[in-house]
Amino acid sequence: MGSVKVKNLVKKYDKATALKGVNLDIKEGEFYALLGPSGCGKTTTMRCIAGFENPTSGEVLIGEKVVNSVPANRRNCGMVFQSYALFPHYNVFENVAYSLTIRDLYNGSFGQRAKTFARLIHKKLGKPSKEIQEKVHDALKYVELDHLADRGVNELSGGQQQRVALARALVMEPSVLLMDEPLSNLDKKLRNTMRTTIRKIQQDLKITTIFVTHDQEEAMSMADHVAVMRDGEIVQMATPTELYSNPKDPFVADFVGSSNIYQGKVVDRKENGDSIVKVNDNTILESTTHTDKEDVEVLVRPEGIEILKNGRMEDHNVLEATVKISTYLGPTIRYDIELAGMEVMVEEEFQPNTTLFKEGDVIKVFLPAERVLLI
Ligand SMILES: Nc1ncnc2c1ncn2[C@@H]1O[C@H](COP(=O)(O)OP(=O)(O)OP(=O)(O)O)[C@@H](O)[C@H]1O
């Protein structure tokens, strides 16, 4: 019912091609994030699915049905935007009841003159049916705002307003929930709380959800699958863990977390297929990546590098380095080090007994072969 497929979606504007053949296959109940830098086509993809935008070519299917010619109000998609887009003159209850009331009044047919229509809605909102009351209160309970049902929306915090927007989408029992940067206007702490709220509601209701964001942490912490977009195309689509541990190219690697990336050349292969790679023309490393390529990008995540302490030895990939900057980040400590002429980031967990290094200290670092990825 709520599956979403997008087939070879192309959207051309006069001066820009926003989408160059996007494909998505989202099963019912899945939570997908569209992640990518500004202008890569996330919102356009979402708007084509919602029906606010007509694709130049390609198909959108909701629940296995092609909906290209179905108007937005009949696609049964709930939308939540970055700007909450609430009605300032209505209270919380009325905002959430609004769309239900319209549906109840006209059952989707907008034949009335606008003025009469607005008056009718207003009248009906003041006297909601029992069914509407129940539905609105249920939706408000989901977002933990039922106690503020009578409050004006301008008297709410940003996080509460976004919860109203979410309740307003949920109350229509959409088969697909589309969220476009819904947390961008909130401060960091509130964003974290809202991430949990949205994820929990999504799992409770098992509603197919597409979530647009340019924040990798948000995408990775919330979604079952993440589609990374660049320049109107999907570069890689995978689970968050797969994306992080096996990025397809340096763009994805860099976008989904901090990374050390260098040019390398595979100079030998071991019997088991592991690679011996020369990095930056002078450093030899072992990698468990099996590849046919000779020219590669060598990726090592900052937390994949270990600083050897207390006489610990390893038999491969041990290099000497000099600490340039050390930065205390709370749960972790980050070192910017110089290693054989390369600038390298290392991040290690901070514990009360952690040995701290300072600028100028010479350290030995270990890059486990399985953490040296060749892409
Ligand atoms: N109505 C429009 N007319 C012309 N060009 C447009 C229009 N809407 C989007 N574009 C262009 O299409 C491309 C994709 O835009 P889109 O809004 O989908 O990107 P986005 O990834 O959502 O970006 P952001 O994160 O900044 O919102 C951009 O180059 C943009 O300038």
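Mentor: Start with the criterion. A residue is near a molecule or strand if its C-beta atom, placed from the backbone, lies within 6 Å of it. This is a predicted model: local features need pLDDT of at least 70, side-chain atom pairs count only at pLDDT 80 or more, and totals for chains, interfaces and linings use all residues. Residue numbers run from 1 along each chain as its sequence is written.

Now the shell. Around the ligand sit Tyr 13, Ala 16, Ala 18, Gly 36, Ser 38, Gly 39, Cys 40, Gly 41, Lys 42, Thr 43, Thr 44 and His 214. By class, four are nonpolar, seven polar and one charged. Here Ala, Val, Leu, Ile, Met, Phe, Trp, Tyr, Cys and Pro count as nonpolar, Asp, Glu, Lys and Arg as charged, and the others, Gly among them, as polar.

Helix 1 (residues 42–50) gives the largest share of the shell, three residues. Helices (H or I, at least four residues) and strands (E, at least two) are DSSP runs, numbered from the N terminus. Eight of the nine residues of helix 1 are buried, so the helix is largely enclosed by the rest of the structure. Buried means 20 or more other C-beta atoms within 10 Å of a residue's own; exposed means 12 or fewer, partly exposed lies in between, and C-beta atoms are placed from the backbone. The buried set is Lys 42, Thr 44, Thr 45, Met 46, Arg 47, Cys 48, Ile 49 and Ala 50. Just after the helix, Gly 51 has a positive phi of about 95°.

Domain 1 (4–245) and domain 2 (258–374) each contribute at least three. Those bounds come from an automatic or database domain assignment. The domain centres, taken over C-alpha atoms, are 42 Å apart.

Ala 167 touches Val 96, Ala 139, Leu 140, Tyr 142, Val 143 and Leu 145, not counting residues up to four places away in sequence. Contact means C-beta atoms, placed from the backbone, within 7 Å.

Conventions. Two residues are in contact if their C-beta atoms, placed from the backbone, lie within 7 Å.
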